[in-house]
Amino acid sequence: MAGRINDDDVKAVRDAVPIDAVVSEYLQLRNAGGGNLKGLCPFHDEKSPSFHVSPAKGLYHCFGCQEGGDTVDFVMKIDHLSFAETIERLASQAGITLRYEEGGYSPGRQQGERTRLVEAHKAAAQFYAEQLDSPEAEIARAFLAERGFDQAAAQHFGVGYSPAGWDHLTRFLRGRRFTDQELVLSGLSQEGRRGPIDRFRGRLMWPIRDIAGEVVGFGARKLRDDDNGPKYLNTPETPLYRKSQVLYGIDLAKKEIARTNRAVVVEGYTDVMACHLAGVTTAIATCGTSFGEGHIKILRRLLMDNSGSEVVFTFDGDAAGQKAALRAFEDDQKFAAETSIAITPGGMDPCDLRLAKGDQAVADLVESRTPLFEFALRHVVSRHNLDTTVGRAAALDEAAPIVAHIKNSSIQHESAVQLAGMLGILDTQFVVKRVAQLARWARERGRDGRPDQNRGPQRRPASAPEQARPAPGPRGPALNLRSPAHRVERELLKLALQRPDLVSPAFDAYGADEFTAPPYAVVRQCIEDAGGATAGASDDDYVARVREAAPDDTVRAMVTELTVEPLHTRRGPDEAYAGVQLVTVRLAAVNQRVTEIRGTLQRLGPRADPEHLAAVQNELWVLQQYGQSLRERGYAAL
């Protein structure tokens, strides 16, 4: 049985790894005000950022899909890890040595499967890199040199060499206490007649890293004529490696992609190397597969779906390159970014171009890009005989939808005019109206929710905090956040969680019955169970205790949401703002009680017991005076 990680070590890991640093490995974050950050949610498709991160509280929450939690929750969900695997990974990043209870520590027995596979790949990458200096690897060094890559370039990208023998890596990893089962599962070894043998033998090796920088697979290039395998051999599908969800070079390019709002998609490992060395440090490539849905999601999170961002595809000018470009255009609508194409001259790829003409030629190639829709238009038009009326009509039918789906409306109109010229149609307005009609139909299909094969994901309404959302579980009806009372109660709870120093000690005197929305009453009780806002004003673990006090995951999610949601004040929250929320909630409770007492008096009637009647009337008078005081004196009357 695996040992349990020491609780103090778990807490140390949670405290040591800032949530914004972890989340930034997967998506671009921007300022959301109030010390919070926001970005495109990695857990569902969206066009407007509704994923909020609170570095001060160590929490995240998406107001679109309601996912939320702390750093550990985020890593567990995004990388499909167990709790133990997540703690082990974060501990490794923070340099914390974990202690395991219930017996001695045995890495092979106690670490999670994914963690073990990652460590095996890390060790393999180191082994291959060291082998590149061996006499046997002369052929690999010559291959790199012929393509303009020196030793420093190989080290920067972690390029290595796999020895030609049957089981050099397998024996090396066995010596590191990895089991045969782990080696086969990782894809580093494969079953032979007498046990596991190396999958990669006598090849040049590129480590493939995920967006967090962990080695999850390898790309291997054939070097010798007697190697009967394919020119490129990649890691098979494993628990770590899915080729449709990894991009070679993304770990090196991600920060520059987010900074410049541009990504350059090339076709191979050496092309990525050539681009980066030439100064195009936003270059990435797929790993033995076409650019597809999974790759788009990775780039969208980094580009923030900014309409000013751009994805540049580079392809050879041959038939295969044109086919790949058109396939990329099919996915154009899945980006908010503009898509462009850069055709390499003379059929040279970026690696060949750099070797032949130098670094500047590679940079110039990217700058010479043209919009992908223009390339697609020229290709479509070229397939038709424009000397005939039938040919021109057929070309218009095929080309008009392409123009109709251009994202920029001003460019769309200009391109419709250009299309008329390309087709030789003198009635320019006819083409412009045809394009406008198709664009309008596409928008209407999107609003009606009917599928449109030419469209990408539909833009969903931003799930802003003001919009109504379901209450947690069975704890009351759906919250109507348009209700002034509910909105103020929500704001007060947010202050109690985010800035307890501004509302304590007054908040702790509020009863759960002062919160008219049942879910908010439950959260108020959680705050009390965690020691109240007064304790929270000087306790860094306050929010964590409130979350622990939640009776179920739904309430815990509500606590996280309220902790991360921005406060509704343009200026930073201060005592005056907090006082308004406190007074408004209390006054609403007083007014509600006054209404109830008036109803009681009406029911009692003139025959009521005089003593009881006097007591009720006295309570009404006291509450009315208190309400008047709250309205006149505000926070001072609390």
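Buried means under 20% relative accessible area, exposed over 50%, and partly exposed in between (1.4 Å probe, protein chains only). The model is predicted: local features need pLDDT of at least 70, side-chain atom pairs count only at pLDDT 80 or more, and totals for chains, interfaces and linings use all residues. Residues are numbered from 1 along each chain as its sequence is written, and side-chain values use heavy atoms, with hydrogens and water left out.

**View A. S340 sits in strand β15 (residues 338–343).** Helices (H or I, at least four residues) and strands (E, at least two) are DSSP runs, numbered from the N terminus. S340 has a relative accessible area of 5% and is therefore buried. Its side chain makes a polar contact with the side chain of E310 at 2.7 Å. Such a contact is a pair of N or O atoms within 3.5 Å; within protein, one must be able to donate a hydrogen and the other to accept it, and residues adjacent in sequence count only if both atoms are side-chain atoms. Contacts (heavy atoms within 4.5 Å) of S340, leaving aside neighbours within four places in sequence, include E310, V311, F313, R369 and L372.

**View B. Q66 has a positive phi of about 70° and is not a glycine.** Q66 lies in the loop between β4 (59–62) and β5 (68–70). Its relative accessibility is 31%, so Q66 counts as partly exposed.

**View C. N261, also not a glycine, has a positive phi near 60°.** The loop between α11 (250–260) and β12 (262–266) holds N261. N261 counts as buried because its relative accessibility is 16%.

**View D. The S504 to P505 peptide bond is cis.** Omega is near 0°. P505 belongs to the loop between α22 (500–503) and α23 (518–529).
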